[in-house]
Amino acid sequence: MSNYTVERIKVATPDKVELMTKVFKPNEEIKDNLVVVLVHPYSILGGRQALLKGIASGLAENGHGAVTFDMRGVGESTGRASLTGFAEVKDVIAVCNWVSEHLDSHRILLVGSSAGAPIAGSAVDQIEQVVGYVSLGYPFGMMASILFGRHHKAILQSSKPKLFVMGTRDGFTSVKQLNDKLSSAAGRNEIHLMEGVSHFEMEGPAYDAEMVKLILKFISSL
């Protein structure tokens, strides 16, 4: 029998978009008063909250609340997806505000996967309750920067603790590009490299358990 429950709810944004959201809630009291909000990959390329189900389940099994949601224009969420992800920053903020109000959690860890990483990164300092940030495959490379480059500044200037997880065979960002970007970043910045793993491999369910371990380890340092 599972030691957590999953509840489906709808979260409204200030611009009247309704976001289909899933709350993975441990049966016991939420550990460390911390909820992890997970932001899915690029909507336009098929990103959706179902891709983060394995990680959210693993976190809930370990006692942490976890929340996934479909950003605007995805699945049962209303609205329209944007090309550069700036409209979606409002979605992240709305879900985090809902978590603070309804789950009685004063500590939120934001986790962004692929294009969800720059979107989450732009929201980090707009939400007081966010105590840290984890990026799973942040697309810092030249081509991806055409779409997401204007998001970089927000997360690099944030003083909140950050963990960047990336495969050494990531097709969007090289290890050198990641190191160069983080060399001038504010606050505490950790890097964890997955040897020989590509961008889309790391997004797959085969690496969910490893991502859960890394996130739990990072939580213990906050």
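**A colleague's note on the predicted model**

1. Let's start with the span of residues 53–199: its end C-alpha atoms lie 18 Å apart, and the span is 38% helix and 25% strand. Helices (H or I, at least four residues) and strands (E, at least two) are DSSP runs, numbered from the N terminus. The UniProt record, an unreviewed entry, places the feature "domain: KANL3/Tex30 alpha/beta hydrolase-like" at residues 53–199. UniProt positions follow the numbering used here, feature names are shortened, and annotations may be inferred rather than shown by experiment.

2. A word on the ground rules. This is a predicted model, where local features need pLDDT of at least 70, side-chain atom pairs count only at pLDDT 80 or more, and totals for chains, interfaces and linings use all residues. Residues are numbered from 1 along each chain as its sequence is written, and side-chain values use heavy atoms, with hydrogens and water left out.

3. Helix α1 (residues 53–61) has Ile55, Ala56, Ser57, Gly58, Leu59 and Ala60 as its buried residues; buried means under 20% relative accessible area, exposed over 50%, and partly exposed in between (1.4 Å probe, protein chains only). The cover over these residues includes β1 (4–12), β2 (18–26), β3 (34–39), β4 (65–69), β6 and α8 (208–220). Just after α1, Gly63 takes a positive phi of about 95 degrees.

4. Next, strand β7, where 6 of the 8 residues are buried. β6 and β7 pair in the parallel sense over 4 bridges (two strands pair if DSSP finds at least two bridges between them), and Tyr133 has Lys162 in β7 as its bridge partner. On to strand β8 (residues 189–198): 7 bridges join it to β7, and the two run parallel. Leu163 is bridged to Glu190 in β8, while Phe164 stands opposite Ile191 in β8.

5. How do the rings of Tyr138 and Phe164 sit? Their centres are 6.3 Å apart and their planes at 50 degrees, so the pair is tilted. Rings of Phe, Tyr and Trp (its six-membered ring) pair if their centres lie within 6.5 Å; planes under 30 degrees apart count as stacked, over 60 as edge-to-face and the rest as tilted. Tyr138 lies in the loop between β6 (130–136) and α4 (142–148) and Phe164 in strand β7 (residues 162–169), so the pair ties together parts 26 residues apart in sequence. Both Tyr138 and Phe164 are buried. Tyr133, Tyr138, Phe140 and Phe164 form one aromatic cluster, and the count of aromatic pairs comes to 7.

6. Phe172 and Phe200 make another pair: with ring centres 5.7 Å apart and planes at 75 degrees, it is edge-to-face. This pair links distant parts of the chain, with Phe172 in the loop between β7 and α6 (175–182) and Phe200 in helix α7 (residues 199–203), 28 residues apart. Phe172 is partly exposed, at a relative accessible area of 34%, whereas Phe200 is exposed, at 53%.

7. Finally, the nonpolar cores. Which members of the largest core touch the most other members? Of its 40 residues, they are Val37, Val99 and Leu110; a nonpolar core is a set of buried Ala, Val, Leu, Ile, Met, Phe, Trp, Tyr and Cys residues joined through side-chain atoms within 4.5 Å. Helix α2 (residues 86–102) gives the largest share of this core, 8 residues. A second, separate core of 26 residues includes Leu136, Val165, Val212 and Ile219.

Conventions. Contact = heavy atoms within 4.5 Å.
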